[in-house]
Amino acid sequence: MAELYIRTDMTDLPDARGYFGEFGGRFVPETIMPALDELERAYAEAIADPQFHAELSHLQRTYTGRPTPITYARRLSEALGGAQVYLKREDLAHTGAHKINNALGQGLLAKRMGKRRIIAETGAGQHGVGTATAMALLGLECHVYMGSVDIRRQQPNVFRMKLLGAEVIPVESGSRTLKDAINEAMRDWVTNVETTFYLLGSALGPHPYPMMVRDFQSVIGVEAREQIQAQTGQLPDACIACVGGGSNAIGLFHAFRDDDATELIGVEAGGRGIESKEHAARFADLDISRPGILHGTRSYVMQDDDGQIMETHSISAGLDYPSVGPEHAHLRRLERAYYTLATDEEALEAFQVLSKLEGIIPALESAHAVAEAIKRAPTMPRDSVLLVNLSGRGDKDLDTVINTLGDL
Ligand SMILES: *Cc1c(COP(=O)(O)O)cnc(C)c1O
């Protein structure tokens with residue numbers, strides 16, 4: 001297995017100003033600019049330092065459980081009767097999802113910068129739990145902003161964060177959900193920038209976050225590319241991943257971006273269908289989604305005619321966000337990656353199929369990627385290979401699935 005887990009040599013992007021083509025950049029108040037400059041410098045120094053790589057890869061091996069395996073989904077492939085489906089098992093990473101890869105990377109960076117106070121924001125609580133976990137390990141102080149509506153909906157994750165020693169700060173402004181929590185975290189950062197590190201959870205936000213989060217998640221693709229060749233003797237015909245903010249997808253795609261014969265396919269949340277307008281398919285519904293600025297970066301944003309951010313819907317909390325990482329907007333513009341969607345219903349079906357045929361209960365987010373494999377595999381020859389990123393495990397989603405299937 002490659003010793004360098006952070007791939008920074010696959011692309012020149014973003015440029016010096018943080019742009020991926022016309023997307024990305026840094027749209028923040030003046031007061032945050034120096035903090036972003038400091039972060040950018042510290043990150044550049046860290047990844048030039050073999051000691052930093054060594055420390056991170058040591059934690060990945062001995063704490064996260066990396067490399068995560070790839071699993072041949074034999075019964076699923078036979079049932080579909082076309083391409084052979086392989087799963088990259090991020091569900092087997094400690095805490096049950098890929099988010100820990102980024103939380104550990106940024107946590108080590110914070111420590112190196114001498115910042116011992118970590119802030120984060122969370123919607124469903126997955127990023128909060130990943131961050132609280134990494135901060136417990138590293139011995140850093142952790143404060144997580146969370147909308148009070150989300151706190152009520154996500155009690156088990158709130159309890160987990162507290163157990164892990166984090167403070168959960170309720171946000172009572174606006175709709176009291178994720179976007180209000182992000183605003184509060186930003187406000188905190190402006191006020192306490194000297195002592196505080198803002199740990200962002202997806203390939204989003206102002207430069208250098210989209211680049212940094214991509215790099216910390218690139219371990220997924222670096223491992224998978226080597227593993228799939230070892231197991232099948234070939235590169236995959238396509239890589240498939242779900243896209244919320246886009247971190248697990250860009251982490252998988254990154255290592256394959258120069259493999260022109262490998263298609264890169266991102267799957268967004270189709271919710272109750274495009275016509276319903278209750279979805280988070282930022283690339284599919286161009287009536288209500290267009291380039292704009294949200295949370296410090298320029299990308300596709302779901303907005304009404306007046307530029308007001310729209311409410312989104314997905315059965316999976318992790319995909320329920322009105323914007324998408326700027327590098328995905330760029331890869332789509334280049335036609336290097338292709339984006340499609342799976343509805344709530346398709347994801348629920350895939351959730352059950354994978355559980356029954358492979359003994360793997362996927363996260364509802366990951367089930368969106370599985371749903372695309374289920375659509376695509378039967379149209380492909382039997383000697384072709386689909387690599388699906390299983391971004392997380394589904395234990396956290398059992399209540400949602402029980403309630404929804406109960407309704408049907
Ligand atoms: C948070 C989450 C996602 C979505 O986030 P990305 O940044 O798009 O990867 C996907 N899967 C799981 C299991 C998650 O927890």
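Biologist: How far does a backbone N or O atom of Gly245 lie from an oxygen atom of the ligand?

Modeller: Happy to start there: this is a predicted model, in which local features need pLDDT of at least 70 and side-chain atom pairs count only at pLDDT 80 or more, while totals for chains, interfaces and linings use all residues. Residues are numbered from 1 along each chain as its sequence is written, and side-chain values use heavy atoms, with hydrogens and water left out. A polar contact is a pair of N or O atoms within 3.5 Å; within protein, one must be able to donate a hydrogen and the other to accept it, and residues adjacent in sequence count only if both atoms are side-chain atoms. For the backbone N or O atom of Gly245 and the ligand oxygen, the distance is 3.2 Å.

Biologist: How many polar residues does the shell around the ligand have?

Modeller: There are 16 residues around the ligand, where near means having a heavy atom within 4 Å. Ala, Val, Leu, Ile, Met, Phe, Trp, Tyr, Cys and Pro count as nonpolar, Asp, Glu, Lys and Arg as charged, and the others, Gly among them, as polar. Three nonpolar and two charged residues belong to the shell, and the number of polar ones is 11.

Biologist: Which cysteine sulfur is nearest to that of Cys239, and how far away is it?

Modeller: A disulfide is a pair of cysteine sulfur atoms within 2.5 Å, and the structure holds zero of them. For Cys239, which is in no disulfide, the nearest cysteine sulfur belongs to Cys242, at 14 Å.

Biologist: Is Cys239 buried or exposed?

Modeller: Buried means under 20% relative accessible area, exposed over 50%, and partly exposed in between (1.4 Å probe, protein chains only). Because its relative accessibility is 0%, Cys239 is buried.

Biologist: How far apart are the end C-alpha atoms of helix α10?

Modeller: Helices (H or I, at least four residues) and strands (E, at least two) are DSSP runs, numbered from the N terminus. The expected span of a helix is 1.5 Å times one less than its number of residues, so the 14 residues of α10 (219–232) should span 20 Å. The model agrees, since its end C-alpha atoms are separated by 20 Å.

Biologist: Which residue follows α10?

Modeller: Within α10, the buried residues include Val219, Ile220 and Ile228. The residue after the helix has a positive phi, near 75 degrees, and is Gly233.

Biologist: With which side chain does His143 make a polar contact?

Modeller: His143 sits in strand β6 (residues 141–147). Its relative accessible area is 12%, so His143 is buried. At 2.6 Å, its side chain makes a polar contact with that of Glu167.

Biologist: What is omega for the cis peptide bond that joins His207 and Pro208?

Modeller: As a rule, most residues other than glycine have a negative phi, and most peptide bonds are trans. Another cis bond runs from Arg66 to Pro67, with omega near -5 degrees, and Pro67 is in the loop between α2 (50–64) and β3 (70–72). Pro208 lies in the loop between β8 (196–198) and α9 (209–217). For the bond from His207 to Pro208, omega is about 15 degrees.

Biologist: What is the positive phi of Thr95?

Modeller: Thr95 belongs to the loop between β4 (84–89) and α4 (99–112). With 27% relative accessibility, Thr95 is partly exposed. Although Thr95 is not a glycine, its phi is about 80 degrees.

Biologist: And what is the positive phi of Lys277?

Modeller: Look in the loop between β10 (263–271) and β11 (289–294) for Lys277. Its relative accessibility of 31% makes Lys277 partly exposed. Lys277 is not a glycine either, and its phi is about 65 degrees.

Biologist: How far apart are the C-alpha atoms of Asp399 and Asn192?

Modeller: Asp399 is part of helix α15 (residues 398–407), and its relative accessible area of 56% means that Asp399 is exposed. Asp399 and Asn192 are 207 residues apart along the chain, and their C-alpha atoms are separated by 38 Å.
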